[in-house]
Amino acid sequence: MSNETTPDKNIYDLYKCRILRVYEMTDEDKLFLLRFEDSDIAEEWTFTPGQFVQVSIPGVGEIPISVCSSPMRRGFFELCIKRAGKVTEVIHRMEPGDYMGIRGPYGNGFPMDRFENHDLLLIAAGIGMVPLRSVFLHAMDNRWKFGNITVINSARYGHKLLFRKELEAMRDIAEAENINILQTVTRDPEWPGRTGRAQHHVEDANTDPDDAYVVVCGPPQAYRSVFEKVIEAGYDPRNIYVTLERRMKCGVGKCGHCIAGSSTFLEYICIDGPVFGYYDIISTPNLI
Amino acid sequence: MRYLKLENSRVNDFLEQLSAYGELYAPVQISEEFYDYRRIDDVDDVAFDYTRTVTPAKKYFIPTEQQMFTYDMESSEYEETLDDIRPFVLFGLHACSIVGLRILDGVYLNEYPDKYYGMRRDAGIIVGLSCLPDEYCFCNLRRTDFVDVGFDLFLHELPDGYLIRVGSEKGHKIVDENPGLFVEVTDEDIKHFKQFERKRHELFQYQGSFDNLRYMLELTKDHPLWDEESKKCLGCGNCTMTCPTCRCYDVQDIPDIDGRHGSRIRFWDSCQFRGHGLVAGGHNFRETKKDRFINRYVCKNAYFHPLGTSYCVGCGNCTYFCPADIDFLDNLMKIRGIAEEIYEQ
């Protein structure tokens, strides 16, 4: 083992990315459109929905963020970032023309190949819409490869619904393309649309329980009740996927912060996940 | 495998010769009770009869603090910091320490190989040394009491010298370049080697294997032990710092005095610290001391696929260096049911 193991490449090297646009999504979420400065990287770089990047701000730190754009769009990518901590606080003050350091993509991502030729039910709560947007846009960009699609987007209040306007604007094309977009809020008395948690709208999905993959992303405590409703509605537990969040310093299975699970199934969320199947989740304590 | 013998009269010459291959580090006695790895200037300082060191050998491959990059905030540029790593010889590692390094290899040189670690691994020559267990050792239960690979040379104690196993090309080179140091192994030496191994085997407190422990651990989540033992824990992280395979690190950007430049450093972290599982927004995946306490037991007993062993190598350091006298092995034995009667009384 101790002979000639040194790689040339430094896996922690950062690609310099320029912010092209910043969109205010909610009072605490911003969407950043980014481009790689190096044209070779811009040409080559791609990812799978569900993967994440390490975003680095010199002097401040480095954090894991899910990519939320479609991988079909080359040279650019988008990150939706909630202002929640030290690094995101600084990122929220950044403007077009500023730079971020990016490395990745990391993680397993969603098995998009397996999803092909099936219906797709996407269930998001809060910031969970971020990785699911990537799945959704990927499916839109490859519309002919997928069956019916339903997106259930939920938040506490209407103004906190991520990508609300974008999803509303897709209403016409959605109808033409057999896509069902359901947006629901849990605490907003002013909201004119659907109310209640995401899982309560599963019966309105246009997806066939016998032939659909289900992707869930939201706060960990939401998962069990979503699973219950989805399985009750007839969906196959084997076809349910979730994506998880953890503290991460490296993204490459070393720093140990994202280690989760139990002594029989110990996983680095960054490389073994962040996407896990239903049976991994229910047979492993501490994953959610 | 290639075997040779080093006679007692040539041991110091051997150590002198080793230092020709790089800076020599070995365990030395640093106080009445403690030993630690030190740079060796006088080979008489090398301790052959030590049981454990205060810091594990991992520090030579993962420094406690490591500068990874320097940065410039104005240009948003990072420049990689690559230290000038010179060849070094690490003498006197016991079998558990060598397996520990192989576990680190599996992590640091996985599909994303870490350059900082790899450079140090390439520069290091590993010379193993046989040992006898004390009451804290349980490497036999972990099946890490004897190593097949991961060393360049391994010395097994004989009454009048050492039987040497040559474990790598680097090891062959050292042997070939110093033919006068070694003699052929005799039948008598082989007999002594076997006797030593038998004696060593009998000295372990427990016999058997821990392979089924991870399932028992998973099935024993509600044991009163977790509350009682975690209450004793001070959360100091000594157990992880002295562990040969604990490898968690944190990263921080430290600004220079000019406010524009700075360095990104990584340093040893511990899952016993509160911030280890904390994410932005305030959610902590290991909120309580009990969560963090259990996490270490879970992690150490988990299966490490590349080696087919657990992450724990059974060195006993975490118990030996625990200021709260928490006995890792004893707790595992309780979980396994060997010492269950203590709780049933």
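Of the 345 residues in chain B, 42% count as buried. Keep in mind that this is a predicted model. Chain B carries 12 helices and 14 strands, and its radius of gyration comes out at 22 Å, close to the 20 Å that the globule rule gives for 345 residues, so chain B is as compact as a globular protein of that length.

**Overall shape and contacts**

- Taken along the principal axes, the box filled by the C-alpha atoms of chain B is roughly 65 × 65 × 40 Å.
- Looking at contacts in chain B with a separation of 6 or more, 71% come from residues 24 or more positions apart.

- As a reminder, strands of a sheet pair through backbone hydrogen bonds, in either a parallel or an antiparallel way.

**Strands 11 and 12 up close**

- Strand 11 of chain B runs antiparallel to strand 12 (residues 261–268) of chain B, and 7 bridges join the two.
- For a handy landmark in this pairing, find Asp253(B): it stands opposite Arg264(B), which is in strand 12 of chain B.

Note on methods. Residues numbered from 1 in each chain as written. Chains lettered and ligands numbered in written order. Predicted model: local features only at pLDDT ≥ 70, side-chain atom pairs only at ≥ 80, totals over all residues. Helix = DSSP H or I, 4+ residues; strand = E, 2+ residues; numbered from the N terminus. Rg over C-alpha atoms; globule rule 2.2 N^0.38 Å. Buried ≥ 20, exposed ≤ 12 C-beta atoms within 10 Å, placed from the backbone. Contact = placed C-beta atoms within 7 Å. Pairing = 2+ DSSP bridges.
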